[in-house]
Amino acid sequence: MDTPLKIGDELFGSRMILGTSKYPNNDVLMRALKAGGAELVTVAIRRVNLNDPSGENVISLLRKSKLRILPNTAGCYTVKDAVVTAELAREALGTDLIKLEIIADEDTLYPDSEKVLEGARVLIEKGFRVLPYCNDDPITCRKLEDLGCVAVMPLGSPIGSGMGLLNPYNINLIREKTRVPLIVDAGVGTASDVTVAMELGCDGVLLNTAVARAKDPVLMAEAMRNAVDAGRKAFLAGRIPRRFHAEASSPQAGKIAV
Amino acid sequence: MPSTLQVTVNGEPRELPGALSVGDFLRHLRLAHLEGGVAVCVNGEVIRRADWPRVTLHHDDHIEIVHATQGG
């Protein structure tokens with residue numbers, strides 16, 4: 001029997017965190033979130049359009065569906081921008097959870113580890129519960145945990161690339177050393193990528209593009225949910241070790257001789 | 001002392017009829033219906049909701065009015 005995912009002091013029955021961006025429309029978004037069984041979803045903080053403030057805000061839809069909200073600091077390049085964005089998110093949404101994202105350049109969208117560490121330190125001091133998007137580097141992950149982050153979220157591969165887990169060995173190393181939830185964030189392309197992450201012992205996955213940009217986002221969300229479930233169960237069940245030679249499945253004793 | 005103030009809101013220049021509070025300014029912009037979900041910072045400092053009636057805007061202030069939207 002599995003236990004729920006615990007982030008800070010909050011419990012989640014679902015181990016899949018879904019992004020809410022890039023869907024064809026809000027109807028598909030909401031159906032995909034439901035099909036995926038998501039309980040925690042990410043949002044961004046952006047300027048209100050002063051010339052047309054009347055459009056339906058997605059947040060009211062998310063709240064109506066009882067989804068819990070994880071704001072991000074996407075698009076921030078500096079600690080200052082990330083801290084102000086987090087403070088605005090806390091004010092707008094009334095949550096102290098924050099997905100801390102400080103990127104270094106727009107080609108790779110790779111996290112700037114130095115700034116992520118500094119941003120995490122400042123935000124934790126200000127009372128935030130920080131889930132940092134970070135490199136798949138065991139040392140950075142350890143430092144983030146030591147600072148008091150409530151989870152670590154290393155990338156599988158660059159955001160939106162769909163290349164899956166490029167360095168499963170590092171994810172494995174991070175798993176061995178990390179006690180807070182380990183959530184693979186970014187890079188998932190399809191269901192098998194999610195299963196690999198969960199089989200390695202990750203506590204959860206965070207994905208967006210792989211679902212939102214699939215031909216059928218609702219069906220893909222369901223596939224991802226099954227993939228999380230399959231990978232998690234395989235991890236808990238304990239896989240057989242890999243070996244270089246075959247081992248017969250059928251008994252060796254009692255074979256006939258003709 | 002000019003009766004109108006020039007400020008920058010979400011990157012755009014705006015003119016205020018006078019020294020409004022943050023709360024009055026949101027009503028002036030017809031954003032009152034969004035109040036539950038918006039956050040405001042002035043010159044890089046986040047203004048807590050409880051302080052909206054008390055904090056007055058000044059000439060040349062840089063104001064950001066944000067809300068949550070779709071994100072990954």
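Over all chains the structure holds 23 salt bridges, a salt bridge being a side-chain nitrogen of Lys or Arg within 4 Å of a carboxyl oxygen of Asp or Glu. The model is predicted, with local features needing pLDDT of at least 70 and side-chain atom pairs counting only at pLDDT 80 or more, while totals for chains, interfaces and linings use all residues. Residues are numbered from 1 along each chain as its sequence is written, chains are lettered from A and ligands numbered from 1 in the order in which they are written, and side-chain values use heavy atoms, with hydrogens and water left out.

**Stop 1: a pair within one helix.** Select A:Asp27 and A:Arg31, whose side chains meet in a salt bridge at 3.4 Å, N to O. Because A:Asp27 and A:Arg31 are four residues apart in helix H1 (residues 26-36) of chain A, about one helical turn separates them. Helices here are DSSP runs (H or I, at least four residues), numbered from the N terminus.

**Stop 2: the interface of chains A and B.** Now show both chains: 30 residues of chain B are in contact with 27 residues of chain A, where contact means heavy atoms within 4.5 Å. Between them the two chains bury about 2400 Å², 56% of it on carbon and sulfur atoms; buried area is the accessible area (1.4 Å probe) that two parts lose on being put together, summed over both. On the chain B side, select B:Ala68, B:Gln70 and B:Gly72, which lose the most area to chain A and together account for 25% of what that side buries. Two salt bridges are found across this interface. Select B:Arg48 and A:Glu91, which form a salt bridge whose closest N and O atoms are 2.9 Å apart.

**Stop 3: H4 and H5 of chain A.** Select helix H4 (residues 113-125) of chain A together with H5(A), which pack at an angle of about 10 degrees with their axes 10 Å apart. Axes are lines fitted to C-alpha atoms, for helices over the stretch in contact, and angles run from 0 to 180 degrees between N-to-C directions. H4(A) is therefore roughly parallel to H5(A), a description given to angles under 35 degrees. On H4(A), the residues making the contact include A:Val116, A:Leu117 and A:Ile124, and on H5(A) they include A:Leu144 and A:Leu147.

**Stop 4: H5 and H6 of chain A.** The contact is made by A:Pro138, A:Cys141 and A:Glu145 of H5(A) and by A:Asn170, A:Leu173, A:Ile174 and A:Lys177 of H6(A).

**Stop 5: H7 and H9 of chain A.** Finally, select helix H7 (residues 191-199) of chain A and helix H9 (residues 217-237) of chain A, whose axes come within 7 Å and cross at roughly 25 degrees. H7(A) and H9(A) are therefore roughly parallel to each other. Among the residues making the contact are A:Val194 and A:Met198 of H7(A) and A:Ala227 and A:Phe235 of H9(A).

Notes. Helices (H or I, at least four residues) and strands (E, at least two) are DSSP runs, numbered from the N terminus. Angles under 35 degrees count as roughly parallel, over 145 as roughly antiparallel, 65 to 115 as roughly perpendicular and the rest as oblique.
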